[in-house]
Amino acid sequence: MSTTGQIIRCKAAVAWEAGKPLVMEEVEVAPPQKHEVRIKILFTSLCHTDVYFWEAKGQTPLFPRIFGHEAGGIVESIGEGVTDLAPGDHVLPIFTGECGDCPHCHSEESNMCDLLRINTERGGMIHDGESRFSINGKPIHHFVGTSTFSEYTVVHSGQVAKINPDAPLDKVCIVSCGISTGLGATLNVAKPKKGQSVAIFGLGAVGLAAAEGARIAGASRIIGVDLNSKRFDEAKKFGVTEFVNPKDHDKPVQQVIAEMTDGGVDRSVECTGSVQAMIQAFECVHDGWGVAVLVGVPSKDDAFKTHPMNFLNERTLKGTFFGNYKPKTDIPGVVEKYMNKELELEKFITHTVPFSEINKAFDYMLKGESIRCIITMGA
């Protein structure tokens, strides 16, 4: 392409300060360096993780910054040493990676790459620590190696999944974070058998994706647990059959679920980050075979407390990161699930806005009105 090796000037939504509206700026995007690719972003969406770090609650603020990590685009150019991607490829940039060389990448059981695992504090690229974004010579920080709130971005090639070019990028872009996290937590980690019961704690986007996984697996009962009863109608679209609001009961919710299910559910998936919900999710699974999977990220000072007999009675507790999917190896297959009509993505998409109105996406999420809002870069 004519832009190969050149600096590209394009629009990006820059966060200059914590919690302040993003500002549309013209940025300079440098060419990709060793093991990097430059991607033209066509569609991106807003994830709660973007909002959390934009608000700068509970972590070291790093501004100015370009957020965004759920997106779809086309490779514009590649850097030295990139052999598995080429200009024109349709891709999803992903917040975590797969270097292919470390023990985790060689393991069939892990997706927690030593080199490219998510790092929310890194503001530059791994190769040299420098940013590929600048405005009038001033560097703008990256976010989780993706920074998709820009018409062009530079990403390590290990964080780029090449997908079917026929897949609609305005739909499959949401596969690159929250949807895969919840879906994989159920299908890859909890692994419910057909006809079993599953409890889902937290019915945000990740929890609804976990419910979608339970639906795909053929669960007979999918019990949604949430403090917001308004979420139940929406959750029915994702296969949730029953709803429990802990506030409606004067006994522990794990006891309520055990009574509903003759001793406990077969599987549970926790998607809230609340340590109390994590304990409830573990203690509500059936003894002898029950499996609970933790997805939500707890506060740093939280401690998980349960009686050891819960383990000795043959309940299993597992944790998962990004649904146990390896980004480059497995995510193209998740896209194929959508293409084969096994996975329904449209129902996750509640809003669409042009890039120039990206702050509306933040408003929708902060008000609890959206599951996923697609931001159309060319509009």
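First, the basis. This is a predicted model, in which local features need pLDDT of at least 70 and side-chain atom pairs count only at pLDDT 80 or more, while totals for chains, interfaces and linings use all residues. Residues are numbered from 1 along each chain as its sequence is written, and side-chain values use heavy atoms, with hydrogens and water left out.

I start with the sheet. Six strands, that is, 6, form an open sheet with parallel pairing, in the order β12-β11-β10-β13-β14-β15. Strands are DSSP runs of E with at least two residues, helices are runs of H or I with at least four, and both are numbered from the N terminus. Two strands pair if DSSP finds at least two bridges between them. At the edges are β12 (242-244) and β15 (316-319), each pairing on one side only. From one strand to the next, the twist averages 20°.

Strand β14 (residues 291-294) runs parallel to β15 and is joined to it by 4 bridges. Val293 has Lys318 in β15 as its bridge partner.

Which helices pack on this sheet? Helix α4 (residues 178-190) touches β13 (267-270), β14 and β15, and its direction makes about 140° with that of β13. Helix α8 (residues 275-283) touches β10 (197-201), β13, β14 and β15, at about 170° to the direction of β13. Contact here means heavy atoms within 4.5 Å. Axes are lines fitted to C-alpha atoms, for helices over the stretch in contact, and angles run from 0 to 180 degrees between N-to-C directions.

Next, the helix pair. Helix α1 (residues 48-55) packs against helix α11 (residues 358-366) at about 100°, with the axes 11 Å apart. That makes α1 roughly perpendicular to α11, a label for angles of 65 to 115 degrees. On the α1 side are His48, Val51, Trp54 and Glu55, which meet Phe362, Met365 and Leu366 of α11.

Last, the cysteines. How many disulfides does the structure hold? It holds 0, a disulfide being a pair of cysteine sulfur atoms within 2.5 Å. For Cys105, the nearest cysteine sulfur is that of Cys102, 3.7 Å away. Cys105 counts as buried at 13% relative accessibility; buried means under 20% relative accessible area, exposed over 50%, and partly exposed in between, with a 1.4 Å probe and protein chains only. Cys284 is in no disulfide either, and its nearest cysteine sulfur, in Cys271, is 12 Å away. Cys284 is also buried, at 1%.

Notes: Parallel < 35°, antiparallel > 145°, perpendicular 65-115°, else oblique.
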